Protein chains: 2
Amino acid sequence: MTGLRERQKADRTQRILAAASRLFRDKGYDAVRIEDIAQLADVSVGTCYNYFWTKGDLLLAIVSMEVEEVILAGKSVVADPPVEVALALDSLINIYFGHSLHYLSKEMWRTAMALSIGAPETPFSSRYTELDGLLVLQVSDLLSELQRRGYACLDFDPQTMGQVVFNNLNQMFIEFVKQESMSLETLIAATSRQNSALARLIAQDPAENQR
Amino acid sequence: MTGLRERQKADRTQRILAAASRLFRDKGYDAVRIEDIAQLADVSVGTCYNYFWTKGDLLLAIVSMEVEEVILAGKSVVADPPVEVALALDSLINIYFGHSLHYLSKEMWRTAMALSIGAPETPFSSRYTELDGLLVLQVSDLLSELQRRGYACLDFDPQTMGQVVFNNLNQMFIEFVKQESMSLETLIAATSRQNSALARLIAQDPAENQR
DNA sequence: AAAAAAAATTGAATCCATTCAATTTTAAAG
DNA sequence: CTTTAAAATTGAATGGATTCAATTTTTTTT
């Protein structure tokens, strides 16, 4: 069934991804040369380019896998959110930001986000953008769910507000990775404050819940 | 007073900026080589690097000038804002986005924003980030002014909400420059819708104005 | 299983941003 | 107006991402 060629292709992709992942994290994206990745993955430089359009796209492939996991983790919050709007958003924050530096360095995030803007047409840049879209949907779903349960007022369109909330989270995260000295705690605290401000405006007046 | 050296320095800076500006816009940032800029500016490659850290920083210098103008233009809106919160935010949108493509191409914006994230420590990257900070302040000032005049409720902190609004605008602008096919009208319409949603939540109930 | 076709691999060559040691220009000192 | 010191300019050299024509491997055909 799965021919030799197909198997080798999968193998090589994995080896290249693993090598790049390790090296980017250990030595830093800029300091790693394609030649280093090729050597560690036991392929030639040319082969790396057969599998990934550019060095940057290779990074984006790695980062995208991380974002996929985050989206998966976020589903549990949407499925069963805290009652308070502010708490619900905080839960999402914690999932989105909480593990951001486990496998990726700030430099990797910076570079990946920069590439997704500066070179948006590569395969994994598109993928990254697509994942951002899914994150917007997830936030929207959460807001929608909060409305459905009567925890949030019905005065707003969850899609629109979901995008606003996500755009804010994303921009805050960008500022976080831009400043090497900024701690995760500071990021989470600042974002939580902003979400609380929004939450106050869209939270359901408890009295309204009586009807 | 102004020594020869000082005058030449200013001259050369201007020539380099003018040459780069023209070439980036005409041929596209990526297609322009430092050698081309040096030739048109009538200096050597090395001199370009004496004035600007990198090709990217040269671009950021150009883009920063544009942002400075936008901030200046924004002051008039803050000084005398429309009565409706939504309209006030729309005015700001129009100023911020309206002329964005007059002197700069989408590619230039994309590259500049990418650089400000990916290489945040260069002189003009810092400058660009600083200008973003001023834009946040400007939006905050507008909200504050709207509160002062009783057009907006007092239930929110203008600083916090100003940052949220700006972060959203910025992220929307990023999406705009990422998609070569997206029109300015589409961007403005989408952003206006989001601002309206926020405006509805923070607008002063007219009845409250009676006291 | 040999031959032909298709797909992948390879590493040397190319292209450009960036660097740097040598040279030239300007300012300061005598 | 020399001499000396400081600042700037210069373009050839460096380094690394990317490309590409030649070669090798795998698959398909006969």
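Author: Two residues are in contact if their C-beta atoms, placed from the backbone, lie within 7 Å. The model is a predicted one, in which local features need pLDDT of at least 70 and side-chain atom pairs count only at pLDDT 80 or more, while totals for chains, interfaces and linings use all residues. Residues are numbered from 1 along each chain as its sequence is written, and chains are lettered from A and ligands numbered from 1 in the order in which they are written.

By the contact criterion, chain B contributes 29 residues and chain A contributes 29 residues. On the side of chain B that touches chain A, the elements giving two or more residues are α6 (106-118), α8 and α9 (184-202) of chain B; helices here are DSSP runs of H or I with at least four residues, strands are runs of E with at least two, and both are numbered from the N terminus. The most comes from α8(B), with 11 residues. By class, this side of chain B holds 14 nonpolar, 9 polar and 6 charged residues, where Ala, Val, Leu, Ile, Met, Phe, Trp, Tyr, Cys and Pro count as nonpolar, Asp, Glu, Lys and Arg as charged, and the others, Gly among them, as polar.

Helix α8 (residues 158-178) of chain A packs against helix α8 (residues 158-178) of chain B at an angle of about 90°, their axes being 8 Å apart. Axes are lines fitted to C-alpha atoms, for helices over the stretch in contact, and angles run from 0 to 180 degrees between N-to-C directions. The two helices, α8(A) and α8(B), are therefore roughly perpendicular, a term for angles of 65 to 115 degrees. From α8(A), the residues A:Val164, A:Asn167, A:Asn168, A:Asn170, A:Gln171 and A:Met172 meet B:Val164, B:Asn167, B:Asn168, B:Asn170, B:Gln171 and B:Met172 of α8(B). This contact between α8(A) and α8(B) comprises 4 nonpolar and 8 polar residues, with no charged residues.

Chain B is superposed on chain A by a rotation of 180° with 0.0 Å of shift along its axis, at an RMSD of 0.1 Å; the superposition is by least squares on the C-alpha atoms of residues with pLDDT of at least 70 in both copies. The two copies are thus related as by a two-fold rotation axis. Within chain B, the C-alpha nearest that axis belongs to B:Ala114, at 2.0 Å. Both copies use the same surface, since 100% of the contact residues of chain B recur in chain A.

Notes. Parallel < 35°, antiparallel > 145°, perpendicular 65-115°, else oblique.
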